[in-house]
Amino acid sequence: MDSTLEITQKRINKTKLDQLDRKERYTLFGLTVPYLALVFGLIIIPIGWLFYMSFIGRDETLSLENYRRIWESKAYFRIFKTTFQISLLTTLFCVLLGYPLTYFMSQLSNRWANICMIGVLIPFWTSLLVRTYAWLVLLQKKGLINTLAVDWGLWSEPIKFVHNTSGTLIGMVHIMLPFLILPLYANMRTIDRDFLKAAANLGATPTRAFWTVFFPLSLPGLFAGLLIVFVLCLGFYVTPALLGGGKVIMAAMKISDNIELYYSWGAASALGVVLLGVTMIILFIASKLVSIDQLGNRS
Amino acid sequence: MKSDALNISIKDVTKKYGDFFALKDVSLEVKSGEFLTLLGPSGSGKTTLLMVLAGFTRPDYGSVKFGIEEVVLKPPHLRDIGMVFQNYALFPHMNVEQNVGYPQKLRGVSKEKIKETVNDALETVKLDGLGRRGVAELSGGQRQRVALARAIVFQPKILLMDEPLSALDKKLREEMQIELRQLHDSLNMTTVYVTHDQKEALTMSDRVAVINEGGLMQLDTPSAIYKKPNNAFIADFIGESSLLSVKVSKKNVYLGNTKIFVEHSVEEDGEFLLVVRPEKLFLMQDNPTDCNTFSGIIVESIYQGESQLLIIKLDPESYGDQMLRMRVPNGTASLQELPSIGSKVTVGLKKFDSFLVE
């Protein structure tokens, strides 16, 4: 008994210091409470409720009929196919347009890079609806682009740009581009310019240096941007609905139709659950791929 | 790993950024097989000159020749010279082997040959067996060695180094200075080394080129630069020194009212600076013979391990208002008998250690 007392006494202020540690930890945890409450109230509960709804059939009893319909109906298969096709194409075009632009921006001085960044961000901050309607105005048969092109003799007949896949893609790529550029730019700015110099010094032509050094190092940023764009596309509603003109039907539109036209919450919920599930599977696979790649980028 | 070294001729190289001359008509010759250091404070133009050699900076005009070949118009990837970057610039997505093998792969060397040369290079820098390591798993000193291996694996005739040791701690840095120098001797390459550390430059180089304000101030062996600096900037920058204002009149040198004996006086009259190296001063016991004497009061006495630094305020009446630094090596008996702060001392400086700069 005496010896224990001695040891406790030797550890001067131990109890009080531990208390301080604990207090700091609780305070930090306290900062996350409002957000956790929001997530729980606005995301976990509604999604749980939707999940429950998806198992309610027309006769208001528990059943799998909503899922069975998705599985069996060709219309649903087509909708999923369109959704993935449009999302993949949008992502592809975003990469083709965004990667060179971001590379260019990453090589500029801070001042010019910031000016370019404003050019990327201003449309990003403008209302999505306004931009979509603007494309509708620009692209239609008697719109600015067709009128000018016919006047200048670029093509003889007005081309049908909207209310089809091309219109949907043009609008979606335009709106999604910043989501690719921002993470990619953040990544590219961290790539030391000396890497390219070193590659050149060691005998690499500029093209070779780009493909063997810069491009591999930019992959984490590219994957991050690419994933954000792809996942956002999967659930995109406004732009494909307006520019597709009802001819390009993606999953989000079908969900909306199920509720607004047929008042079928069960069917809509089931579609939502399937979309969420597929998205999560894709994210899971992608995260495996990305994490492997990021191993090399830790310096 | 022997290759034929190449000499480098730099002629009238000039680079302006706006109104600022980063390099102003710099001409210098680097002999083949020589270890030459570009030494200067930051912003002096030494790194710009190295970048011109590597091909990353194009000068406004001027000529750079490797051997007899003009290279100033050549892009960096065709210059075939090794370079060690300040932050090493090791590719983080490649392991040690891939980093070192990179230049060989670009040169289309066969796989077996790459393996062999990479192993040789790693052995040269004493990193054999670490080929599979990731760059992130290496210590600062090891990264430095990998960068070096990568720069020499393709046996370039010229090796450039841009402050390669600045990221290392002092002890490791001093070890590496000697090791790099030994490596240079065994590889037979022409090495151009950039540093702002004067001691490093003196330690490693065959010759030192002191660069300041975009120009070459002096190019000489370390001992010549230390013993006979061309001007006040070099006297101050290289080694420690006290610069005392003196007046020269008819080849006679006066510090305040006191006449000073110097090894080589100057022809013209005017204001000059007397360079006094702190370690060349000694405490006077007897009457002075054939040396300059300075008396004053010790205002500061600082223990610095290997030596004791004394700061002496010279007697204003005889010498004017000036300060003198003096270094007494530790371990000599004299240290115990050192006069304390506030006491009066007389110190001597031999005539052949006394010289003037402008």
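This is a predicted model: local features need pLDDT of at least 70, side-chain atom pairs count only at pLDDT 80 or more; totals for chains, interfaces and linings use all residues.
S11(B) is joined by seven bridges to strand S14 (residues 270-276), and the two run antiparallel. Val248(B) has Gly270(B) in S14(B) as its bridge partner. S14(B) in turn pairs with strand S20 (residues 355-357) of chain B, again in the antiparallel sense, through three bridges. Here the residue bridged to Leu273(B) is Val357(B) of S20(B).

Parallel pairing is found around strand S3 (residues 35-39) of chain B. S3(B) pairs with strand S8 (residues 190-195) of chain B in the parallel sense over five bridges, with Leu36(B) opposite Val192(B). S3(B) is also joined to strand S9 (residues 207-212) of chain B by four bridges, and these two strands likewise run parallel. In this second pairing, Thr37(B) stands opposite Val208(B) of S9(B).

Five of the five residues of S3(B) are buried, so the strand is largely enclosed by the rest of the structure. In a regular strand, side chains alternate between the two faces of the sheet. In S3(B), Phe35(B), Thr37(B) and Leu39(B) lie on one side, while Leu36(B) and Leu38(B) lie on the other. Because each of these residues is buried, both faces of the strand are covered.

Two residues of chain B other than glycine were noted for positive phi values. Phi of Glu163(B) is near 40°, and that of Lys250(B) is near 50°. Glu163(B) is found in the loop between strand S7 (158-162) and helix H5 (170-187) of chain B, whereas Lys250(B) is placed in the loop between strand S11 (242-249) and strand S12 (252-255) of chain B.

Taken as a whole, chain B contains nine helices and 20 strands. The C-alpha atoms of chain B fill a box of roughly 75 × 45 × 35 Å along the principal axes. Of the 358 residues in chain B, 40% are buried. Among contacts in chain B with a separation of 6 or more, 66% are between residues 24 or more positions apart.

Chain A is assigned two domains, domain 1 (16-52) and domain 2 (74-295). The centres of these domains, taken over C-alpha atoms, are separated by 33 Å.

The contact between the chains involves 18 residues from chain B and 19 residues from chain A. On the side of chain B that touches chain A, helix H2 (residues 96-106) of chain B gives the most, with three residues. By class, this side of chain B comprises 13 nonpolar, three polar and two charged residues.

The largest nonpolar core has 104 residues, and those with the most contacts inside it are Ala199(A), Leu50(B), Leu53(B), Ala149(B) and Leu160(B). When residues up to four places away in sequence are not counted, Ala199(A) touches Ala204(A), Ala209(A), Thr212(A) and Val213(A). A second, separate core of 39 residues includes Ile175(A), Tyr185(A), Leu222(A) and Ala270(A).

Notes: Residues are numbered from 1 along each chain as its sequence is written. Chains are lettered from A and ligands numbered from 1 in the order in which they are written. Domain bounds come from an automatic or database domain assignment. A nonpolar core is a set of buried Ala, Val, Leu, Ile, Met, Phe, Trp, Tyr and Cys residues joined through C-beta atoms within 7 Å. A residue is buried if 20 or more other C-beta atoms lie within 10 Å of its own, exposed if 12 or fewer, and partly exposed in between; C-beta atoms are placed from the backbone. Two residues are in contact if their C-beta atoms, placed from the backbone, lie within 7 Å. Ala, Val, Leu, Ile, Met, Phe, Trp, Tyr, Cys and Pro count as nonpolar, Asp, Glu, Lys and Arg as charged, and the others, Gly among them, as polar. Two strands pair if DSSP finds at least two bridges between them.
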